[in-house]
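Please open the model in your viewer and keep the selection tool at hand. The tour below goes from one selection to the next and says what is found at each stop.

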Amino acid sequence: MNIVYSCPSCSGQTAAAVIESQPTLCCPHCSRSISMPAGAILPATATEPPRLTRCVVCPSTELFVRKNFPQRLGVGIVVVGFAASCVAWAYRELVLTFGILFATAAIDVVLYFLVPECLTCYRCGARYTGPGITDRFGGFNLETHEKHRQQAARQGQAASAGS
Ligand SMILES: [Zn+2]
Ligand SMILES: [Zn+2]
């Protein structure tokens with residue numbers, strides 16, 4: 001099981017692999033270490049890969065399944081495709097224009113099916129990948145997302161009021 005998370009101390013992006021066999025996660029930027037909460041990862045059995053029961057970075061047990069697709073790449077492909085089709089259009093190449101647009105859409109669809117799914121924490125945004133990791137979790141739920149967003153906003157207000 002692999003994780004990509006933002007360090008709670010320095011907000012640096014940190015990635016770690018095979019986290020089920022590590023007692024702590026250590027941030028390479030500020031060396032803050034996070035101990036694995038007990039029971040957060042159920043060990044692998046003969047038939048099943050290790051299972052995540054909660055986020056290991058924050059105390060949240062709510063995670064959702066989504067495609068591990070870099071959004072910037074998806075948008076980049078669309079922008080490049082659109083720009084290329086505009087150039088073709090300027091040269092009055094009608095077939096080429098639509099060809100490029102269809103190809104762009106096709107690439108996005110193919111990529112979408114190729115990229116694996118990952119598990120994302122609603123609260124801290126940590127991303128987990130690994131075999132069978134998404135089995136026990138559902139897709140994105142706006143209500144849960146909103147709950148966590150408001151919680152975070154309240155905490156932010158409390159922090160700024162206290163200082
Ligand atoms: Zn850090
Ligand atoms: Zn979390």
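What pLDDT does the protein average, and what share of the residues score at least 70? The average is 91, and 99% of the residues reach at least 70, where pLDDT is the predictor's confidence in each residue, on a scale from 0 to 100. This is a predicted model, in which local features need pLDDT of at least 70 and side-chain atom pairs count only at pLDDT 80 or more, whereas totals for chains, interfaces and linings use all residues. Residues are numbered from 1 along each chain as its sequence is written, while chains are lettered from A and ligands numbered from 1 in the order in which they are written.

Helices (H or I, at least four residues) and strands (E, at least two) are DSSP runs, numbered from the N terminus.

**The domains**

Select 2-42 + 49-68 + 119-162 for domain 1 and 71-113 for domain 2; these bounds come from an automatic or database domain assignment. The centres of the two domains, taken over C-alpha atoms, are separated by 35 Å.

Now show the open sheet of five strands, whose order is 2-1-9-8-7 and whose pairing is antiparallel; two strands pair if DSSP finds at least two bridges between them. At its edges lie strand 2 and strand 7 (63-67), each of which pairs on one side only.

Select residues 2-6 and 13-16, which are strand 1 and strand 2, paired in the antiparallel sense over four bridges. Val4 stands opposite Ala15 in strand 2, and the two strands form a hairpin with six residues between them, where Ser11 in the turn has a positive phi of about 60 degrees.

Move to strand 8 (residues 117-121) and strand 9 (residues 127-129), which run antiparallel and are joined by two bridges; here Thr120 stands opposite Arg127.

**The helix pair**

Finally, select helix 1 (residues 71-90) and helix 2 (residues 94-114), whose axes come within 8 Å and cross at roughly 170 degrees. Axes are lines fitted to C-alpha atoms, for helices over the stretch in contact, with angles from 0 to 180 degrees between N-to-C directions. Helix 1 is therefore roughly antiparallel to helix 2, a term for angles over 145 degrees.

Among the residues that meet are Gly74, Ile77 and Trp89 in helix 1, and Leu96, Ile100 and Asp108 in helix 2, contact meaning that C-beta atoms, placed from the backbone, lie within 7 Å.

Definitions and conventions. Parallel < 35°, antiparallel > 145°, perpendicular 65-115°, else oblique. Contact = placed C-beta atoms within 7 Å.
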